[in-house]
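Subject: The structure I promised you

Hi,

Here is the structure we talked about, together with my notes on it. Have a look at the model first, then read on.

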Amino acid sequence: MISFRQKGDFSKLTSFFERVREAVRLGRLDKYGREGVAALMSATPADSGQTARSWYYRIEQQKGSVRIIFNNSNVQNGVPIAVILQYGHGTRTGGWVQGRDYINPAIRPVFDRITEYAWREVTKL
């Protein structure tokens, strides 16, 4: 016969989850949003500079989650220019312009700082 006994409550676990929920406050996310936009602007390949100037972010808060969304508003003839710079595109004459991975290296350090901050917050004693 196997039996289990449990003693106590879940107060420590509940406290931990409350800290997780509050770990990345909106004000802090705003700071990281601005940092991300600055990083993306400086890393964007520039011809006219329009694409670099077109980065923006928004913070979405939903039930139980918060996220930062980075967007670029430079769209020409229905084509998001930041995307074709990143991934490449075909030309009218049948050629191919190779993309350049500039978004991931630019934004990675910001994501790393968000992760470090959130971890410090949830592991505070």
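Helices and strands here are DSSP runs, numbered from the N terminus: a helix is H or I with at least four residues, and a strand is E with at least two. By that count, the chain has five helices and six strands. Reading from the N terminus, the order is α-α-α-β-β-β-β-α-β-β-α.

Two housekeeping notes. This is a predicted model, so local features need pLDDT of at least 70 and side-chain atom pairs count only at pLDDT 80 or more, while totals for chains, interfaces and linings use all residues. Residues are numbered from 1 along each chain as its sequence is written, and side-chain values use heavy atoms, with hydrogens and water left out.

First, the overall picture. Of the 125 residues in the chain, 26% are buried (buried means under 20% relative accessible area, exposed over 50%, partly exposed in between, with a 1.4 Å probe and protein chains only). Take the contacts (heavy atoms within 4.5 Å) between residues at least 6 apart in sequence: 49% of them join residues at least 24 apart.

Strands E1 (residues 55–62) and E2 (residues 65–72) run antiparallel and are joined by eight bridges; two strands pair if DSSP finds at least two bridges between them. Opposite Tyr56 you'll see Asn71 in E2, and Glu60 has Arg67 in E2 as its bridge partner. Two residues sit between E1 and E2, and Gly64 in the turn has a positive phi of about 80 degrees.

Another positive phi turns up at Asn77, about 55 degrees, although Asn77 is not a glycine. You'll find Asn77 in the loop between strand E3 (75–76) and strand E4 (79–80). Is Asn77 buried or exposed? Asn77 counts as exposed, at 78% relative accessibility.

Next, the rings. How many aromatic pairs does a search of the whole structure find? It finds two. (Rings of Phe, Tyr and Trp, the last by its six-membered ring, pair if their centres lie within 6.5 Å; planes under 30 degrees apart count as stacked, over 60 as edge-to-face and the rest as tilted.) Tyr32 and Tyr117 form a tilted pair, 6.3 Å centre to centre with 50 degrees between the planes. This pair links distant parts of the chain, with Tyr32 in helix H2 (residues 26–43) and Tyr117 in helix H5, 85 residues apart. Tyr32 is buried at 3% relative accessible area, and Tyr117 is buried at 5%. Tyr57 and Phe70 have ring centres 6.5 Å apart and planes at 50 degrees, so that pair is tilted. Tyr57 is in strand E1 and Phe70 in strand E2, 13 residues apart. Phe70 counts as buried, at 18% relative accessibility.

Happy exploring!
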